[in-house]
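Subject: Structure handover

Hello,

Here is the structure you are taking over.

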Amino acid sequence: MPRPWPSGWGGDGVSFLATAEPLDEEMRERILQHRRERPSTWETLEVPLEVPQALRRAGHGVVLLDCLTLWVSNLLLRGREVREEVERLLEAARGSGKTLVVVSNEVGMGLVPENPLGRRYRDLLGAANQRLAQEAQEVYLVVAGLPLRLK
């Protein structure tokens, strides 16, 4: 399904932090399709792990992180401390002078995972979502393409 960016959203000055990794052919195709859908004027930084550093070096005043869900998964699967990395991201955002927009999923609204890794991931992502929402100026839940302002 195409992701049409809102007309004029961010203008030409958007740095896109992409956290997806092309680990199989289907994901490679998804990433290629996503690249085609993004405005060509946007800066793209592919950063599966080092998101705070990428935020600091992003060249535009608006930075779109897509997505926190995959970033947390990447960190967890590599044995990194997710909560510490989230705090580093918040610190980088505070000191950057940039507008950070974060895309995430609310996986806690689904079934309880059947295995310990899945449950740990769900808990860590939920905590990351809560922590970012706590500091965010605005928070939206998007359901069926319709935004519901939470904060």
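Predicted model: local features only at pLDDT ≥ 70, side-chain atom pairs only at ≥ 80, totals over all residues.

Residues are numbered from 1 along each chain as its sequence is written, and side-chain values use heavy atoms, with hydrogens and water left out.

Ser 15 lies in strand β1, residues 14–18 (strands are DSSP runs of E, at least two residues; helices are runs of H or I, at least four; both are numbered from the N terminus). Ser 15 counts as buried because its relative accessibility is 0% (buried is under 20% relative accessible area, exposed over 50%, partly exposed in between, with a 1.4 Å probe and protein chains only). Leaving out residues up to four places away in sequence, Ser 15 touches residues including Glu 43, Gly 59 and Val 63 (contact means heavy atoms within 4.5 Å).

The charged end of Arg 38 sits over the ring of Phe 16, 4.0 Å from the ring centre (this requires NZ of Lys or CZ of Arg within 6 Å of the centre and within 35 degrees of the ring normal).

Helix α4 spans residues 82–96 and has 15 residues. Among its buried residues are Val 86, Leu 89 and Ala 93. The buried residues of α4 pack against α2, β3, α3, β4 and α5. On the face turned away from that buried side, α4 carries the exposed residues Arg 83 and Gly 95. Gly 97 follows α4 and has a positive phi, near 75°.

Regards

Key. Expected span 1.5 Å × (residues − 1).
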